[in-house]
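Biologist: Before I rely on any of the labels attached to this model, I would like to hear how each one was reached. Please give the value, the cut-off and the conclusion in turn.

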Amino acid sequence: MDARKKAYLMLIDICIHKKYSHLVLKDGMRDFDTKDKAFISNIVYGTLQNYRYLDYQWKVYCEKIVKKEIEILINMSVYQLLYLERVPAFAITNEAVEIAKGKYDGRFVSFVNAILRKVIKNGKREVTGDADEKLAIETSFPLWIVKMWNKQYGTEVCEKICRDALNVPKQSVRVNTIKNSKEEFLSKYEGYHNGELSDVALTFDKGSVASREEFKFGYISVQDEASQMIAPFLNPSEDDLVLDMCAAPGSKTGHMAALMNNRGKIIALDVHEHRVELLKATMRRLGCINVDAQTCDATKASEQFENESFDKVLIDAPCSGYGVLKGKSDIKYHMQSDDMDGIIAIQKELLDEGIKLLKADGIMVYSTCTLNKKENELQIKQFLERQENMELIEEKTIFPYEYNCDGFYMAKLKKVS
Ligand SMILES: C[S@@+](CC[C@H](N)C(=O)[O-])C[C@H]1O[C@@H](n2cnc3c(N)ncnc32)[C@H](O)[C@@H]1O
């Protein structure tokens with residue numbers, strides 16, 4: 001199959017059938033060579049990342065509402081016209097027409113052709129509107145989130161968050177110190193560079209590490225650098241009993257096990273059984289022997305575990321994920337203003353359950369990979385108002401533009417006796 005046709009079918013799966021982009025790309029590219037793989041992934045991610053900007057470039061030329069399948073075809077073609085300078089315009093138009101011919105009737109074929117010709121003739125449209133509207137279109141965010149970030153973080157930070165989300169994320173791994181030190185690892189494997197934030201982080205430029213020997217042997221774990229700041233923030237020690245309430249797929253569990261020198265004990269919970277299986281496989285690969293993984297709804301964990309029995313509790317909560325938009329452009333594409341309504345209630349339940357299980361003088365860390373104060377600072381403020389025996393020791397936000405990493409929020413809390 002032609003690479004563009006494949007990219008189109010993948011975009012249909014992601015945008016219409018709501019499949020995860022990384023899985024669609026992983027499963028769909030087996031029969032393509034390296035060059036085509038790069039081309040397909042460029043079209044898929046580029047189109048998703050710039051979707052609203054691409055809409056803006058051509059919807060001015062049509063009066064009626066367009067079928068979603070046709071909109072996707074035009075957007076992926078406009079993406080190539082505006083961003084892939086080496087690809088000739090006639091090749092892009094011809095291929096779009098061929099894809100349309102194979103699937104839709106003659107009316108749609110001429111429509112696609114006419115729109116693309118107008119975009120070629122008129123070139124890029126300058127974005128107009130007030131500052132929020134311009135930023136929203138230029139960076140392909142819905143207006144409501146630009147307004148929300150503006151209100152919560154101020155204009156300057158909001159603009160940096162939006163523009164940074166268009167960048168390609170840095171790829172990072174964590175050296176698994178249970179199996180090797182960073183120095184030992186670097187003496188054996190090439191193509192890795194020191195990270196900026198975490199002392200066990202390495203970055204790499206090319207390809208994916210999942211098929212490499214060093215990954216299979218468990219010498220490294222794929223983990224964003226900002227995410228690597230969470231386990232040290234909780235700082236578990238060798239003789240601690242730790243509860244990791246939302247643990248799968250286990251990035252932070254594995255990091256905590258390493259910080260504890262594989263001693264003490266981590267009870268790692270997740271509500272989804274298939275994700276607990278993933279976590280167990282990761283723990284085996286990394287050689288973590290102090291982790292007991294269990295399928296459990298952590299909002300009811302006190303029915304299963306004794307109250308006040310854990311020295312440390314980590315709640316790496318389910319969240320809207322607005323800190324990881326560079327790497328997961330499908331979150332950006334699908335984002336809706338009511339995404340967080342249900343999640344905020346679950347986060348609250350997890351916090352209230354966590355405190356029951358924490359020992360007096362114990363430490364709890366609450367973290368999310370989102371940039372939304374309602375799930376972060378405000379969630380913690382309301383928790384502290386409900387629970388007088390908890391005190392806030394420190395809270396911080398890592399913005400994704402600071403280190404070309406993911407965005408994370410973390411709060412460290414202590415149970416006062
Ligand atoms: C942000 S992810 C955790 C990432 C993980 N800590 C890591 O570092 O790899 C949130 C996890 O919470 C789990 N989850 C959601 N609701 C839950 C609940 N009520 N009890 C336990 N786990 C839950 C999800 O299945 C998901 O795996």
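**Labels and their grounds**

Biologist: Why is Gly250 called buried?

Modeller: Gly250 has 29 C-beta neighbours inside 10 Å, and a residue is buried if 20 or more other C-beta atoms, placed from the backbone like its own, lie within 10 Å, exposed if 12 or fewer, and partly exposed in between; Gly250 therefore counts as buried. This is a predicted model, in which local features need pLDDT of at least 70 and side-chain atom pairs count only at pLDDT 80 or more, while totals for chains, interfaces and linings use all residues. Residues are numbered from 1 along each chain as its sequence is written.

Biologist: What makes Pro249 partly exposed?

Modeller: Pro249 has 17 C-beta neighbours inside 10 Å, a count that falls between the limits for exposed and buried, so Pro249 is called partly exposed. Pro249 and Gly250 both belong to the loop between strand E5 (241-244) and helix H14, where helices (H or I, at least four residues) and strands (E, at least two) are DSSP runs numbered from the N terminus.

Biologist: Which residues does Pro249 touch, leaving out those up to four places away in sequence?

Modeller: Pro249 touches Arg275, Leu278, Leu279 and Thr282, contact meaning that the C-beta atoms of two residues, placed from the backbone, lie within 7 Å. The C-alpha atoms of Pro249 and Leu278 are 5.8 Å apart, although 29 residues separate the two in sequence. With the same exclusion of residues within four places, Gly250 is in contact with Ala268, Leu279, Thr282 and Met283.

Biologist: What kind of peptide bond joins Ala248 and Pro249?

Modeller: The bond is cis, with an omega of about 5°.

Biologist: Which residues does UniProt list for "binding site"?

Modeller: The unreviewed entry lists Cys246, Ala247, Ala248, Pro249, Gly250, Ser251, Lys252, Asp270, Asp297 and Asp316. UniProt positions are given in the numbering used here, feature names are shortened, and annotations may be inferred rather than shown by experiment.

Biologist: How many residues surround the ligand in the model?

Modeller: There are 19, of which the closest are Cys246, Ser251, Lys252, Ala298 and Asp316; a residue is near a molecule if its C-beta atom, placed from the backbone, lies within 6 Å of it. Helix H14 (251-259) and strand E6 (265-270) are the elements that give two or more residues to this shell. The shell divides into 10 nonpolar, 4 polar and 5 charged residues, where Ala, Val, Leu, Ile, Met, Phe, Trp, Tyr, Cys and Pro count as nonpolar, Asp, Glu, Lys and Arg as charged, and the others, Gly among them, as polar.

Biologist: Why is Cys369 called buried?

Modeller: Cys369 has 24 other C-beta atoms within 10 Å, and since the cut-off is 20 or more, Cys369 is classed as buried. Cys369, which the unreviewed UniProt entry lists for "active site", is found in the loop between strand E9 (358-368) and helix H18 (377-386). Not counting residues up to four places away in sequence, Cys369 touches Cys319, Gly321, Gly323, Val324, Asp406, Gly407 and Phe408.

Biologist: What makes Asp361 exposed?

Modeller: Asp361 has 10 C-beta neighbours inside 10 Å, and with the limit set at 12 or fewer, Asp361 counts as exposed. Asp361 lies in strand E9 and has a phi near 70°, a positive value in a residue other than glycine.

Biologist: Why is Asn404 called partly exposed?

Modeller: Asn404 has 16 C-beta neighbours inside 10 Å, again in between the two limits, and is therefore partly exposed. Asn404 sits in the loop between helix H19 (400-403) and strand E11 (408-415), and its phi is also positive, near 45°.
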